[in-house]
Amino acid sequence: MMKIANYINGEWVEPKITEYLDVINPGTGEVEARTPLCGRDDIDQAARAASQAFETWRKVPAQDRIQYLFKLKFLLEDNLDEISRTITLECGKTLEESRAEMRRAIENVEVACGIPMMSKGEISEDIAPGIDEIMLRQPVGVCATVAPFNFPGMIPFWYLPYVLATGNTYVLKPSERVPMTMMVIYRLLDQLGLPKGVVNMVHGGKDAVDGILDHPAIRAVTFVGSTSTAKYIYRRSAENGKRVQAQGGAKNPVIILPDADMEMATRIIADSAFGCAGQRCLAVSWAVTVGEARSSFMEMICDAAATRKVGYGLDDGVQMGPVITSSRKARVEQLIGKGISDGASVPVDGRNTKIQGYENGAFVRPTILADVNPGSEIHRTEIFGPVLSLMHANTLDEAIALANAGQYGNQASLFTSSGAAARKFRSEVQAGNIGINIGVAAPMAFFPFSGWKDSFFGDNHGQAMDAVEFFTQKKVVVERWPKDWSRQF
Ligand code: NAD
């Protein structure tokens with residue numbers, strides 16, 4: 001079993017508690033590690049270390065700070081196999097999906113290496129005779145991240161590289177269900193030779209989170225997780241005067257027009273809906289066919305769902321792993337049942353899945369629910385499992401209205417060969433990430449990871465220039481240097 005410890009002030013530190021949560025491999029049901037459920041004392045220790053380190057780290061020139069990130073990029077690449085394997089062990093996704101996740105993490109390290117350019121200030125000369133005005137960007141102080149279970153390697157990297165490059169210091173609290181991946185990554189961070197206290201990590205659940213939200217030394221909080229937790233984090237951080245951005249849940253629609261390339265659309269939508277067992281915040285979870293698209297798409301997507309190879313993520317040829325826990329499996333199955341009792345049919349039913357050799361795994365096969373009623377519970381609720389609901393509309397306008405009726409706004413996709421339809425959709429649909437003939441419209445690291453409505457609370461998002469905005473505070477200086485105050489040369 002991997003030992004899970006906190007990393008504080010450049011040392012591996014024993015937690016100050018005795019309560020632990022088992023980390024269960026979702027494919028085998030075996031215990032892989034035990035997460036210490038740390039509390040305020042451990043957070044306080046980490047926040048103090050980060051606060052002290054901030055005083056010197058903020059003064060290190062940006063071009064020197066990013067040298068650590070260049071080293072980190074190569075360490076992550078050299079250790080990609082071990083990190084990816086660890087993601088699969090604790091999170092269940094396939095090894096290929098774990099590798100793809102880490103490529104996205106590394107991409108953020110690469111972009112943050114551009115901080116000397118991205119965080120430059122501004123100057124206006126002679127705003128009045130002999131007076132200049134300057135805008136500087138300065139780091140905000142200690143920043144903390146509270147992360148979810150579904151991308152244990154990638155999501156902390158929406159923040160960590162930018163935090164360090166902009167001169168802040170950091171406290172990470174990984175999801176208590178998947179603490180192992182960041183243990184492997186912090187061992188690499190430990191090799192970088194960063195000054196003590198610049199990066200810290202404390203494990204735990206709600207008590208550790210509350211410790212972060214209430215700690216006076218922590219100036220900015222980034223969160224990714226469910227909408228109910230996001231609202232709580234946003235409110236409590238704001239009450240305590242902190243900067244905060246909180247990414248929430250999702251229920252992403254895809255619209256399929258009759259002029260779409262149906263084969264391509266089906267392949268991409270199946271990958272989006274069932275990849276990572278549907279546990280991606282950018283997974284499409286309901287599809288609206290327009291006009292004649294209905295029958296061909298229905299037939300092809302049912303075939304794609306029924307033939308997807310489900311199994312243990314480390315085994316060759318597996319296309320989809322388990323959901324994160326057996327209780328999540330039970331919840332997904334209960335929601336499928338609710339959808340059926342609310343009037344949907346189930347042409348492909350993934351309930352009661354057993355995988356030979358992995359009888360204790362939390363597997364749910366891909367499921368298709370057809371003729372789902374708009375507004376029904378299954379239509380409104382984030383399932384976070386491999387379930388695709390099908391609905392139908394007569395026109396694109398009707399389909400867009402359906403897409404816009406939901407509470408979430410993380411992503412919306414359209415499949416079509418019409419530029420005019422794509423343009424209308426892009427303009428009118430209420431979501432922060434848009435896919436046109438794309439199933440998972442995940443922004444590259446040099447674009448913000450957007451999100452609207454109940455999928456995001458805050459102003460600046462993660463990644464790219466939004467991260468620079470979020471992790472720096474602006475200072476405006478108005479300067480006059482009268483001639484006779486200085487020596488004449
Ligand atoms: P979660 O909200 O249960 O947990 C996320 C984090 O919050 C964990 O670190 C957990 O310890 C902490 N937490 C949980 N309950 C808390 C509470 N009551 N008080 C304080 N802290 C608490 O989310 P999850 O199940 O780990 O992740 C899945 C969710 O994350 C889904 O809803 C998914 O859509 C969302 N997600 C969103 C994005 C995005 O970019 N919008 C990305 C990934 C995941």
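Student: Before we start, what does contact mean here?

Tutor: Contact means that heavy atoms lie within 4.5 Å. Take alanine 370 in this predicted model, which sits in strand S15. Leaving out residues up to four places away in sequence, alanine 370 touches Met298, Ala344, Ser345, Pro347 and Leu390.

Student: Is alanine 370 buried or exposed?

Tutor: The cut-off for buried is under 20% relative accessible area. Alanine 370 has a relative accessibility of 1%, so it counts as buried.

Student: How is the protein chain divided into domains?

Tutor: There are two parts to look for as you follow the chain. The centres of domain 1 and domain 2, taken over C-alpha atoms, are 31 Å apart, and 22 residues of domain 1 are in contact with 26 residues of domain 2. The division is into domain 1 (6–248 + 455–477) and domain 2 (252–436).

Student: Where does the ligand lie relative to domain 1 and domain 2?

Tutor: Let's look at who surrounds it. The shell has 30 residues, with Ala147, Glu176, Ser226, Gln247 and Glu382 the closest. Both domain 1 and domain 2 give residues to this shell, so the ligand lies between them.

Student: How do the residues of the shell divide into nonpolar, polar and charged?

Tutor: Part of the shell comes from helix H8 (206–214), strand S10 (218–224) and helix H9 (227–239), each of which supplies at least two residues. Sorted by kind, the residues around the ligand are 14 nonpolar, 10 polar and six charged.

Student: Which residues in H8 are buried?

Tutor: Helix H8 is one of the elements that supply the shell around the ligand. Its buried residues have cover that includes helix H1 (40–57), strand S7 (142–146), strand S8 (169–173), S10 and H9. The buried residues in H8 are Ala208, Val209, Asp210, Gly211, Ile212 and Leu213.

Student: What does valine 224 touch, leaving aside its neighbours within four places in sequence?

Tutor: Valine 224 lies in strand S10, and its 7% relative accessibility makes it count as buried. With those sequence neighbours set aside, valine 224 is in contact with Val146, Ala147, Pro148, Ile155, Trp158, Tyr159 and Gln247.

Student: Is phenylalanine 384 buried or exposed?

Tutor: Phenylalanine 384 belongs to the loop between helix H13 (377–380) and strand S16 (387–393). Although phenylalanine 384 is not a glycine, its phi is positive, about 55°. With a relative accessible area of 14%, phenylalanine 384 is buried.

Student: What about asparagine 352: buried or exposed?

Tutor: Look in the loop between strand S14 (345–348) and strand S15 (367–370) to find asparagine 352. Its phi is near 55°, a positive value in a residue other than glycine. Since exposed means over 50% relative accessible area, asparagine 352, at 65% relative accessibility, counts as exposed.

Student: Which backbone oxygen does the side chain of serine 450 reach?

Tutor: Serine 450 is in the loop between strand S19 (433–436) and strand S20 (452–453), and is buried with a relative accessible area of 12%. Apart from neighbours within four places in sequence, its contacts are Asn410, Gly432, Asn433, Pro443 and His461. At 3.5 Å, its side chain reaches the backbone oxygen of glycine 432.

Student: Finally, how far apart are the C-alpha atoms of lysine 309 and glutamine 319?

Tutor: Lysine 309 is in the loop between helix H11 (293–307) and helix H12 (326–341). Beyond four places in sequence, lysine 309 touches Asp316, Gly317, Val318, Gln319 and Met320. Lysine 309 and glutamine 319 are 10 residues apart along the chain, and their C-alpha atoms are separated by 5.2 Å.

Definitions and conventions:
Residues are numbered from 1 along each chain as its sequence is written. This is a predicted model: local features need pLDDT of at least 70, side-chain atom pairs count only at pLDDT 80 or more; totals for chains, interfaces and linings use all residues. Side-chain values use heavy atoms; hydrogens and water are left out. A residue is near a molecule or strand if one of its heavy atoms lies within 4 Å of it. Helices (H or I, at least four residues) and strands (E, at least two) are DSSP runs, numbered from the N terminus. Ala, Val, Leu, Ile, Met, Phe, Trp, Tyr, Cys and Pro count as nonpolar, Asp, Glu, Lys and Arg as charged, and the others, Gly among them, as polar. Domain bounds come from an automatic or database domain assignment. Buried means under 20% relative accessible area, exposed over 50%, partly exposed in between (1.4 Å probe, protein chains only). A polar contact is a pair of N or O atoms within 3.5 Å; within protein, one must be able to donate a hydrogen and the other to accept it, and residues adjacent in sequence count only if both atoms are side-chain atoms.
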